[in-house]
Amino acid sequence: MNVTKQIKSKNRVTKFGEVNTSYQTIKNIIDLVGNEAMRHDSKFLDPACGDGNFLLALLDRKFASFEGRPYKNITRCEGKLMIALGSIYGIDKLKDNIVEARIRILKRFIDAYAKLFESEVKRHTICSAEYIVSKNIIFGDALTFENYESGNEIIFSEWFFSNMEISKVDHRIQDLLNCSKPE
């Protein structure tokens with residue numbers, strides 16, 4: 001995962017201030033939180049996620065913590081992988097970035113799953129992963145808290161795994177930030 005292009009176009013830089021963060025900078029930022037980035041349930045938000053470079057680097061760290069470990073209970077391990085996927089959150093104002101980020105994150109999840117279990121990903125697992133990604137990677141504005149797809153305030157889903165099922169609890173962004181909605 002090496003970001004080589006810092007800008008997609010001069011127009012996007014001028015109009016939206018969009019500039020891709022270099023892979024080395026992303027790595028250095030993630031290094032600041034140490035082992036926390038490898039915990040499958042540690043939550044991270046990128047409020048201007050672009051096409052997902054920072055989120056992908058976080059997923060790589062989380063998924064690396066699963067490698068080389070024997071798992072007696074495959075279902076429990078699958079649940080932890082889903083929680084890892086559900087622990088990253090992103091917001092971006094540009095729809096094409098959100099579409100690309102969702103596709104890239106889902107592909108990274110499928111690749112990590114296939115490598116870990118040396119098998120194809122079950123269709124229901126892919127559907128669950130698609131749902132989580134659609135809820136966590138949001139087309140909206142982190143400054144105004146607006147979700148452009150729903151027209152409402154941004155809502156984040158927190159994911160839990162228990163009794164072999166994944167469940168979620170929704171939270172309003174302003175509650176999570178403990179602040180009032182900007183005017």
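Me: Where is Phe145 found, and why does Phe145 count as buried?

Reply: Phe145 is found in the loop between strand 3 (137–141) and strand 4 (146–147). Helices (H or I, at least four residues) and strands (E, at least two) are DSSP runs, numbered from the N terminus. Buried means under 20% relative accessible area, exposed over 50% and partly exposed in between, with a 1.4 Å probe and protein chains only. The relative accessibility of Phe145 is 4%, so Phe145 counts as buried. The model is predicted, so local features need pLDDT of at least 70 and side-chain atom pairs count only at pLDDT 80 or more, while totals for chains, interfaces and linings use all residues. Residues are numbered from 1 along each chain as its sequence is written, and side-chain values use heavy atoms, with hydrogens and water left out.

Me: What value does phi of Phe145 take?

Reply: Phi of Phe145 is near 70°. This is a positive value in a residue other than glycine.

Me: Why does Ser42 count as buried, and which residues is Ser42 in contact with?

Reply: Ser42 lies in the loop between helix 2 (23–32) and strand 1 (44–46). At 4% relative accessibility, Ser42 counts as buried. Contact means heavy atoms within 4.5 Å. Leaving aside neighbours within four places in sequence, Ser42 is in contact with Glu36, Lys62 and Ser87.

Me: What makes Ile74 partly exposed?

Reply: The relative accessibility of Ile74, a residue of helix 4, is 38%, and Ile74 therefore counts as partly exposed.

Me: Why are helix 2 and helix 3 called oblique to each other?

Reply: Axes are lines fitted to C-alpha atoms, for helices over the stretch in contact, and angles run from 0 to 180 degrees between N-to-C directions. Angles under 35 degrees count as roughly parallel, over 145 as roughly antiparallel, 65 to 115 as roughly perpendicular and the rest as oblique. The axes of helix 2 and helix 3 come within 10 Å and cross at roughly 50°. Helix 2 and helix 3 are therefore oblique. Ile26, Lys27, Ile29, Ile30 and Asp31 of helix 2 meet Asn53, Phe54, Ala57, Leu58 and Arg61 of helix 3. This contact has six nonpolar, one polar and three charged residues. In that classification, Ala, Val, Leu, Ile, Met, Phe, Trp, Tyr, Cys and Pro are nonpolar, Asp, Glu, Lys and Arg are charged, and the others, Gly among them, are polar.

Me: What makes helix 3 roughly antiparallel to helix 4?

Reply: Their axes come within 10 Å and cross at roughly 160°. That angle makes helix 3 roughly antiparallel to helix 4. Leu59, Lys62 and Phe63 of helix 3 make the contact with Leu81, Ala84 and Leu85 of helix 4. These residues divide into five nonpolar, no polar and one charged.

Me: Why is helix 3 called roughly parallel to helix 5?

Reply: The axes of helix 3 (residues 53–64) and helix 5 (residues 95–117) come within 10 Å and cross at roughly 15°. Helix 3 is therefore roughly parallel to helix 5. On the side of helix 3, Asn53, Leu55, Leu56, Leu59, Asp60 and Phe63 meet Arg104, Ile105, Arg108, Phe109 and Ala112 of helix 5. By class, the contact comprises seven nonpolar, one polar and three charged residues.

Me: How do you know that helix 3 is largely enclosed by the rest of the structure?

Reply: Nine of the 12 residues of helix 3 are buried, so helix 3 is largely enclosed. The buried residues are Asn53, Phe54, Leu55, Leu56, Ala57, Leu58, Leu59, Lys62 and Phe63. They pack against helix 2, strand 1, helix 4, strand 2, helix 5 and strand 3.

Me: How do you know that the span of helix 4 agrees with its 12 residues?

Reply: The expected span of a helix is 1.5 Å times one less than its number of residues. For helix 4 (residues 74–85) this gives 16 Å, and the end C-alpha atoms are 16 Å apart, which agrees. Buried residues of helix 4 include Cys77, Leu81 and Leu85.
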